[in-house]
Each structure stands twice: as C-alpha cells, then as structure tokens.
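Subject: Structure for your review

Dear colleague,

Please find below the structure that I am handing over to you.

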Amino acid sequence: MLSRCRARPTRLVRSLHTTSSRKRDLFDPSDVDRPTDNVDVCVVGAGPAGLSAAIRLKLLEQQNGREICVVVLKKGAEVGSHILSGAMRLFTNEYSLRIPQPPQMAKMGTYVVSLSRVIAWLGSIAEELGVEVYPGFAGKMEFRARVTLLAEGAHGSLSKEAIRRFKLREGRDPQTYGLGLKEVWRVDPAKHEPGKVVHSMGWPLDIHTYGGGWTYHMRDGLVTLGPVVGLDYSNPYLSPYRELQACHPDATRIAYGARVLNEGGLQSVPKLNFPGGALIGCSAGFVNVAKSWVHSDLHEVRNVCPSFNTPLGVLGGIVYSGIDTLLLRGRTPWTFRTTSGQSDAAHTHRASKCTPIAYPLFEPPLSTDILTSPVHLRVRRYLPAGEDAGAEGTEPSKGLATEWWVEDTAVRWEHVHANVEEFAGLLGRGCPAQVYEYVDAEGMGTEEGKESEVEVEKVGWGGKRLVINSHNCIHCKFCYVKVPTQDITWTVPEGGGGPKYSHAFDPEVRNSGQG
C-alpha cells in the first residue's frame, strides 16, 4: 500500500536540459536481482481506468466472499502526479464565429475539476479497500500475476508491446492521436470569468490541420488553455508548442504540460484481451468526451473524428460533425474507416513538398517540476517477427518469445539521414519539451559513420547528429507516435522520474455555462 512504499526521490526544480557529451549506461532489467511475489491481479497504471478496475475487483471480493490480491503499479512518484486532462467557437486569425455545440458536450451546471485530484481520491479509496498501490515503482520487485491489466494511458509502452506481440490490431483501423498542450495562467481579475468554458476549432491551426482548443476559467484568477493538435498533420515544419504560443494572453504563466490522447474512436479499438491480460482505459483507446457507457458513446460519435480525414476536409468535417451529433446522433448505416491503414507518422509529407511556417519569436516552454530519474529513449529497429509471434500462451509450454531488435550505428545513421534530409528534423521542432536536437556534427558527411567504429550517439549524417536530452521528457509520447521513421523506443524511468504536475493544475470551479 502507499504507506509501504519506499521514500520518494528528491524533487528538483526543472530547467530544460541541453546538449551534453556525457554517456549514460542503459538500464537492463535482467541485471537486477529482486524478490518475487505472486498476486491475483496486477494493474499497470494508476489512472482513472486502473484504479477504478482495482476498486471494482475489491468490491467483487466483498460481494462474493473470495479474497483477491490486487496490486497497482504507478510510474509517477505519487498517485496523480503524471495525470494531465484537458460553448464551441470557430476561430480565424481575425474573427470568432459561434457554432452549435454538440449535445454530447453540454456540461452546464457541472464542475470543472482536476483529474489529478480525482485520481488521488480514487487512490485513497483503493487503499481503504485493500489494494496495494506502488507509486514510483522502479522494478525492485517482480510481480507474477494470474491476470495483468494494462492501464497506462494513450500509447503506453507495455500496451504497445502487447498489441504488437499478440497482433491485437489485426482487422482494426490504426489508432490516431492528438497532442494536447496545457498551460495555466494567472490573469487580470477584470478579465476573469469563473466558470466560463470555451471550446474552439480553427485558429491558430491552418485550415488543413485537424485540431481544436479550450479555455477554462478556474477559481482564484486562474485560466487553463491549450490546443489539441491532430498528429496526422502533414507539414513537418509545424510545431504544436509554437501554435500554443500564438494563444498566450497578456498574463502570468505558472504551469505547463503535454500528453497525447486517442482520437481513433470505435474503429481503432484493438482486440482487448491477450493470454494472461487485457487492455483497459486509454490503453485500449476508450477515451471519449461524451457521457459514460463506453461502447454506446463511442458508437454514437464514431464518424466525427474520421470525417475530418475524408475528402470533406476540415471545414466539411465541421459541417458533417454538426449534422451527425445534433441531428443523426450516430444513427447512420455507414461507418467511416481508415482504408489506407496509415498511421499518423505516415501522413507526414516530405519537407521538400511543404512550406516552412514563420512563427513569432520563440518563447521556451515553462519549466515544470521534474524528478531526477530520466526516461530511457532509444533509436531502435525491431526485426520482423517469426511465424509463432502472438502464439504465446496458447500452450502451457509456450512462454514469451524473444524479440530481436537492433540499436547499432546503421540504425542511428538511417534515423538521422531520413529525419534531417526528408523531414527537416521534425522531432526537434515537434517535441514540446525540447528533448530532441539535431546538432552540428563535424566530420559527418552523407556516408561517414554508417558502419563505423564510433559510438552510436556520435553517428550523424549531412553534418548533423541526434542528441536526446532525456531529462527534459514530460512523458507526452509525441515522439513515439509522430517520428516518421517509427524507431523511437520509450521506456519508463526508474524511481518515479518524470513530470510532477503541481497544484497549479488543480483549482476546481462550477461551470457557469458561459462561452
């Protein structure tokens, strides 16, 4: 339980990390000797889905009189520390046009709450029911569970492995994602309207880019705002953070965060179970802003997001979505499918076909609290799976097959070559925390280093090499989703590292229905 966990690591005030020549040895979990414990259910992730599942299991235990040992593993240093949550208007760079609000988004008279506080509350309930919650879990113990529930949020690292290993996405549409960026500002009291909620589309994004935004007036003079940028955008020169910068008010910024979220809808939900476990919550793609019952909600709005990725375009998608949500309520005989099978990364065009975007003077992202252990980010290429991939667990003698992958100089060279020459260094521009840099590399031409004896981190192409500032990472998973070469592997840090979103995100207020 929470009280049984080890002491939390020392917290430091974060400043953006820059290029360093220091070499870190990668963490190898197989080198660690650790005690083993057998449990009935192990839940990976202490978000809304993970904690709700654990609580439900303990309630069933009380109902049926059969003891169930449930543990919840959380990568954050404390429950809720890595949790980030996000009137309808169409904006241009000069005008604001009020458009009908989908009934699924009608929340008049309800509360705008902090999801991190809700999660902390759920954690206390889980504890009281006997769930063992391990925040800041660093792999010091090995849990062997009869059932493992993956509840890591959108594009979780273990969920991604399970989906690939067990071929859970076969026959489904690819999952699509948006990147939500959130800032908290303290504004002039004369401009503050507690309870006001505005949802928007359009500006600052161009007419070809799917996305939207929000502004919530909280209590104590605070306003949260930000965009959600669809990661199927085509122009590699686009910077989601620089788009957010265009929305900055004349006020004091006090907090910042970012996270990808699922947008694929019902068509992108993979097979949910695999031998010994299941996907739940956002790991399964269940995110929805409507009501409560997952399948019926997702079915009702199944064509809304996909309509923006049809020949209708963004404006046509707005019109269709209005008709579908206001009049048809999803009662249509058709379902839009992603017949191309393309991921968000595959929608990215070559830089030579796109126009660079002229942004205003750059303002660095606001520093957030961050713990000392950095995430592990690798440039890795997985080799094709064998014929028995996905067969694990079908027979008692079959365990997890070994997966083969490569992280050598050739892989690094190919990454830099493709991302610098063809995509204008998209990662360096798109990452909202300045984790990736393509820096000058003396002596690295177009072929040098591909099969050389130099350290992998020093391999480059065209006078550039990749530097990964892993200490900056705020766990948004942008790189995992959008890198065109799909060769970034994201592994959780030891000891609860990563962002610690402060109570600046927390103030609650009743929705007045304005906006």
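In what follows, two residues are said to be in contact when heavy atoms lie within 4.5 Å. Please note that this is a predicted model.

On that basis, Gly230 touches Tyr177, Gly178, Tyr210, Gly211 and Glu263, leaving aside residues up to four places away in sequence. Gly230 belongs to strand S12, which covers residues 222-230, and is buried, with a relative accessible area of 0%. Glu263 is 33 residues from Gly230 in sequence, yet their C-alpha atoms are 8.2 Å apart in space.

Leu231 touches Tyr177, Gly178, Leu179, Val260, Asp344, Phe478, Val481 and Lys482, again not counting residues up to four places away in sequence. Leu231 is also one of the residues that touch the most other members of the largest nonpolar core, which has 46 residues; the others are Leu179, Leu427, Tyr436, Phe478 and Ile488. Another core, of 20 residues, lies apart from that one and includes Leu51, Ile68, Ile119 and Ala126. In soluble globular proteins, nonpolar side chains tend to be buried together.

There is also a nonpolar patch on the surface, formed by Val319, Ile323, Leu326 and Leu327, with about 370 Å² of accessible area together. Val319 is located in helix H6 (residues 313-328). Val319 counts as exposed because its relative accessibility is 52%, and the threshold for that class is over 50%.

An open sheet is made of three strands in the order S20-S22-S21, with antiparallel pairing. Its edge strands are S20 (436-440) and S21 (460-461), each of which pairs on one side only. Between S21 and S22 (residues 464-468) there are two bridges, and Gly460 has Arg465 in S22 as its bridge partner.

Turning to charged side chains, the whole structure contains 13 salt bridges. The following are among them.

- Asp40 and Arg146 meet at 3.8 Å, N to O; Asp40 is partly exposed at 22% relative accessible area, whereas Arg146 is exposed at 60%.
- Lys58 and Glu61 meet at 2.9 Å, N to O. Both lie in helix H1 (residues 48-64), three residues apart, about one turn of the helix. Lys58 is buried, with a relative accessible area of 5%, and Glu61 counts as buried at 15%.
- Lys196 and Glu193 have their closest N and O atoms 3.4 Å apart; Glu193 is partly exposed, at 31%.
- Arg378, Arg380 and Glu407 are linked in a network of salt bridges.

With kind regards

Notes
Residues are numbered from 1 along each chain as its sequence is written. This is a predicted model: local features need pLDDT of at least 70, side-chain atom pairs count only at pLDDT 80 or more; totals for chains, interfaces and linings use all residues. Side-chain values use heavy atoms; hydrogens and water are left out. Two strands pair if DSSP finds at least two bridges between them. Helices (H or I, at least four residues) and strands (E, at least two) are DSSP runs, numbered from the N terminus. Buried means under 20% relative accessible area, exposed over 50%, partly exposed in between (1.4 Å probe, protein chains only). A nonpolar core is a set of buried Ala, Val, Leu, Ile, Met, Phe, Trp, Tyr and Cys residues joined through side-chain atoms within 4.5 Å. Patches are made of residues with over 30% relative accessible area and no salt bridge: like charges are joined within 9 Å, nonpolar side chains (Val, Leu, Ile, Met, Phe, Trp, Tyr) within 5 Å. Accessible areas come from the Shrake-Rupley method with a 1.4 Å probe; for residues, only the protein chains shown count as cover. A salt bridge is a side-chain nitrogen of Lys or Arg within 4 Å of a carboxyl oxygen of Asp or Glu.
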